[in-house]
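Thanks for asking me to look this one over. Here are my notes, in numbered points, to read with the model open beside you.

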Amino acid sequence: MPYLEVSQGNQEEIEAVEQVNVPKVEGMNILEAQKIVKELGLELKIENDSEELDKENTFINEQIPKEGVTVNKGSNLYVK
């Protein structure tokens, strides 16, 4: 908004945000999903996560966003 002298930010900084496609993690156990998601620069957020959760024998039934959606690196992938 030039008339308010508000900067819209450096265009190079705006374009520098790397984007990734969300992988399919439904059907995987939590440990497998965490590895894949971390490699892509995303954060896995587990519904009802606790210390007692057996991440090797707990499988993902649903994910948001779904597979193939383009998101910014560093975004959260919610699973249950």
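1. K80 is partly exposed, with a relative accessible area of 44%; buried here means under 20% relative accessible area, exposed means over 50%, and partly exposed lies in between (1.4 Å probe, protein chains only). K80 forms a salt bridge with E62, and their closest N and O atoms are 3.7 Å apart. By salt bridge I mean a side-chain nitrogen of Lys or Arg within 4 Å of a carboxyl oxygen of Asp or Glu. E62 sits in the loop between β2 and β3 while K80 is in the segment after β5, so the pair ties together parts that are 18 residues apart in sequence. E62, at 31% relative accessibility, also counts as partly exposed.

2. A word on the ground rules. This is a predicted model, in which local features need pLDDT of at least 70 and side-chain atom pairs count only at pLDDT 80 or more, whereas totals for chains, interfaces and linings use all residues. Residues are numbered from 1 along each chain as its sequence is written, and side-chain values use heavy atoms, with hydrogens and water left out.

3. How many salt bridges are there by this rule? The count comes to three. One of them joins K66 to E26, with the closest N and O atoms 3.0 Å apart. This pair links distant parts of the chain, 40 residues apart: K66 is in the loop between β3 and β4, and E26 in the loop between β1 and α2. K66 is partly exposed at 45% relative accessibility, and E26 is partly exposed at 27%.

4. Another salt bridge runs between K73 and E18, whose closest N and O atoms are 3.5 Å apart. K73 lies in the loop between β4 (70–72) and β5, and E18 in the loop between α1 (11–15) and β1 (19–21), so the pair ties together parts that are 55 residues apart in sequence. Both residues fall in the partly exposed class: K73 at 40% relative accessibility and E18 at 46%.

5. Stepping back to the overall layout, the protein has two helices and five strands. Helices (H or I, at least four residues) and strands (E, at least two) are DSSP runs, numbered from the N terminus. Along the sequence they follow the pattern α-β-α-β-β-β-β.

6. Now the sheet. Three strands form an open sheet in the order β2-β5-β3, with mixed pairing; two strands pair if DSSP finds at least two bridges between them. β2 and β3 (63–64) stand at the edges with a single partner strand each, so one side of each is left without a neighbour in the sheet. β2 and β5 pair in the parallel sense over four bridges, and the bridge partner of E43 in β5 is N76. The helix α2 packs on the sheet, touching β2 and β5, and its direction makes about 150° with that of β2. That angle is taken between N-to-C directions on a scale from 0 to 180 degrees, with axes fitted as lines to C-alpha atoms, for helices over the stretch in contact.

7. V79 is worth a click. Apart from its neighbours within four places in sequence, V79 is in contact (heavy atoms within 4.5 Å) with V25, L44, K45, I46, E47, I60, E62 and Q63.

8. T70 lies in strand β4 and touches Q19, V20 and N21, not counting residues up to four places away in sequence. The C-alpha atoms of T70 and V22 are separated by 6.2 Å, although these residues are 48 apart along the chain. G41 is in the loop between α2 and β2; leaving aside neighbours within four places in sequence, G41 is in contact with K73, G74 and S75.
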